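Morning, everyone. Please bring the structure up on your screens, and we'll walk through the ligand and some helix packing.

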Amino acid sequence: MQGSGLLATMFLPSLLTRPACSSDGLSPSLNLSKCTTAMANSHTRIKDDCLNLLIVGGGVIGLACAKELAESGHDVVLIERHRMLGSETSSRNSEVIHAGIYYPPESLKTELCIEGRARMLAFSRARGVRFSLCGKLIVACTEAEISALDQIEERAAQAGPEIALQRWSQTKVRSKAPAVRAVQALWSAGTGIVDGHQFMHQLRVAAEQAGALILPAHSMMSAHSTDPGFEIELTLQQGPSEQHYFDAVVNAAGHGAVQVARHVCDAVPEQIAVKGNYFAISGPAPADTLIYPVPRPNLVGLGTHLTIDLAGRARLGPDVELDADSNQMAVSADRLDAVWSAARHFLPSLRRDQLMADYAGFRPKLAVDRFADFHIGGDDAPTGWINLLGIESPGLTASLAIARRVRAQLDQL
Ligand SMILES: Cc1cc2nc3c(=O)[nH]c(=O)nc-3n(C[C@H](O)[C@H](O)[C@H](O)COP(=O)(O)OP(=O)(O)OC[C@H]3O[C@@H](n4cnc5c(N)ncnc54)[C@H](O)[C@@H]3O)c2cc1C
């Protein structure tokens with residue numbers, strides 16, 4: 001059994017039961033023995049078509065890449081600095097399976113969200129990951145907001161037939177969600193919710209079944225190019241470091257990705273950590289579907305919305321807190337009034353005393369004043385290095401498609 005402690009049991013209890021990489025769990029030295037033929041002072045590839053790959057980061061993106069790349073025949077090692085996989089942003093989101101509605105039609109966010117959603121649903125069905133296509137209403141609460149629905153509808157139509165939105169009247173909204181105020185709405189039947197922890201667990205299982213080595217509690221300390229390949233300094237917890245050779249590196253380190261990239265890249269875009277606070281609603285959920293306001297222009301997020309989880313609990317959020325200290329994971333309780341006020345726009349009977357602090361997450365954003373797409377590429381790094389930056393929402397939904405994109409880039413090496 002690997003991993004223990006409060007953090008571990010809080011986030012991903014199901015992962016605790018799986019051995020990390022050897023039957024004795026975390027050993028005092030780095031556990032890379034399975035792949036030593038390909039690394040550790042050997043600067044040659046095992047096979048011409050098979051790379052010896054390091055993935056840095058064990059969130060949903062790193063795990064999806066590990067599955068995809070191991071299944072395509074590469075020798076994969078994934079390292080995660082925490083004892084628990086997926087305990088950063090991947091455990092602190094809305095767990096919404098997005099349909100791809102909001103982003104520019106030609107963007108990676110739209111393309112990979114649509115593809116990733118289809119892959120996520122197929123994978124979840126095959127592996128027994130719990131999800132629900134509970135649908136989502138984007139509500140215009142006043143006549144003046146209807147034009148925003150028109151724009152969303154038009155953009156979604158350009159993005160593709162997969163995003164099938166329906167226009168709903170006030171009467172129809174009332175029959176579905178009586179507590180919601182709306183003069184009109186867009187209904188997205190393809191939006192849903194997923195058990196993100198179970199999804200990540202199954203990604204790990206699939207990756208390990210395909211031969212990937214998943215190493216929690218291992219950090220990347222430094223890297224330098226050996227052309228070909230990379231010499232990487234790794235540590236197990238606070239132990240001594242070791243150097244290992246890899247043909248290629250996938251940097252899926254989330255909020256740590258810029259720091260990881262800087263070891264080999266000079267020109268790396270900055271990421272801005274933008275906090276999102278969630279407030280749980282006590283008592284019965286006000287609706288059995290997701291309720292989103294129309295996004296206001298220049299909004300950093302999608303607007304404070306109502307989500308439900310698979311247990312039927314409801315929460316509001318995430319809000320947008322710029323300039324928050326990214327080490328403060330606790331909910332900023334002083335945001336409650338603003339969230340309550342925003343929510344009463346579409347949930348007029350919501351009482352303040354129904355809300356309580358739930359959890360918070362930080363978006364790794366590449367811009368706060370304009371649209372910024374997912375960033376998947378080598379930047380100015382030597383061949384074989386791929387950075388994944390700005391992987392904010394809809395990164396969970398898009399994860400399996402992002403992994404496909406990474407694989408396609410590596411296939412070109
Ligand atoms: C508030 C919020 C709500 C969201 N809601 C949704 C949603 O409803 N639907 C959706 O599709 N998406 C949503 N997202 C986006 C989604 O959560 C992210 O895109 C996704 O979780 C990013 O995963 P990741 O693996 O890139 O990052 P992470 O989960 O942060 O994983 C990166 C990992 O890298 C590790 N790491 C960093 N540096 C090192 C190092 N040097 N060595 C080893 N390991 C390292 C970290 O410890 C971390 O575990 C939301 C995001 C936020 C913030």
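Domain bounds here come from an automatic or database domain assignment. One caution: this is a predicted model.

Start with the ligand. 42 residues surround the ligand. The closest are Gly57, Gly59, Gly254, Gly256 and Gly395. Which elements give two or more residues to that shell? They are H2, strand E2 (75-80), strand E10 (218-225), strand E18 (355-365) and H9. By class, the shell holds 14 nonpolar, 21 polar and seven charged residues. Domain 1 (35-43 + 50-131 + 192-270 + 369-413) and domain 2 (136-189 + 272-365) each supply at least three shell residues.

Now to H2 and H9. Helix H2 covers residues 60-71, and helix H9 covers residues 395-411. Their axes come within 8 Å and cross at roughly 40 degrees. H2 and H9 are therefore oblique to each other. Their crossing is right-handed. On the H2 side, the contact includes Val60, Ile61 and Ala64. On the H9 side, Gly395, Leu396 and Ser399 are among the residues. The contact residues divide into ten nonpolar, two polar and four charged.

H9 also packs with helix H3, residues 108-127. Here the axes are 6 Å apart, and the angle is about 105 degrees. What does that make the pair? H3 and H9 are therefore roughly perpendicular to each other. H3 brings residues including Leu112, Met120 and Phe123. From H9 come Thr397, Ala398 and Arg405, among others. This contact has eight nonpolar, three polar and four charged residues.

Conventions. Residues are numbered from 1 along each chain as its sequence is written. This is a predicted model: local features need pLDDT of at least 70, side-chain atom pairs count only at pLDDT 80 or more; totals for chains, interfaces and linings use all residues. Axes are lines fitted to C-alpha atoms, for helices over the stretch in contact, and angles run from 0 to 180 degrees between N-to-C directions. Helices (H or I, at least four residues) and strands (E, at least two) are DSSP runs, numbered from the N terminus. Angles under 35 degrees count as roughly parallel, over 145 as roughly antiparallel, 65 to 115 as roughly perpendicular and the rest as oblique. A crossing is left-handed if the near helix is turned anticlockwise from the far one by less than a right angle, and right-handed if clockwise. Two residues are in contact if their C-beta atoms, placed from the backbone, lie within 7 Å. Ala, Val, Leu, Ile, Met, Phe, Trp, Tyr, Cys and Pro count as nonpolar, Asp, Glu, Lys and Arg as charged, and the others, Gly among them, as polar. A residue is near a molecule or strand if its C-beta atom, placed from the backbone, lies within 6 Å of it.
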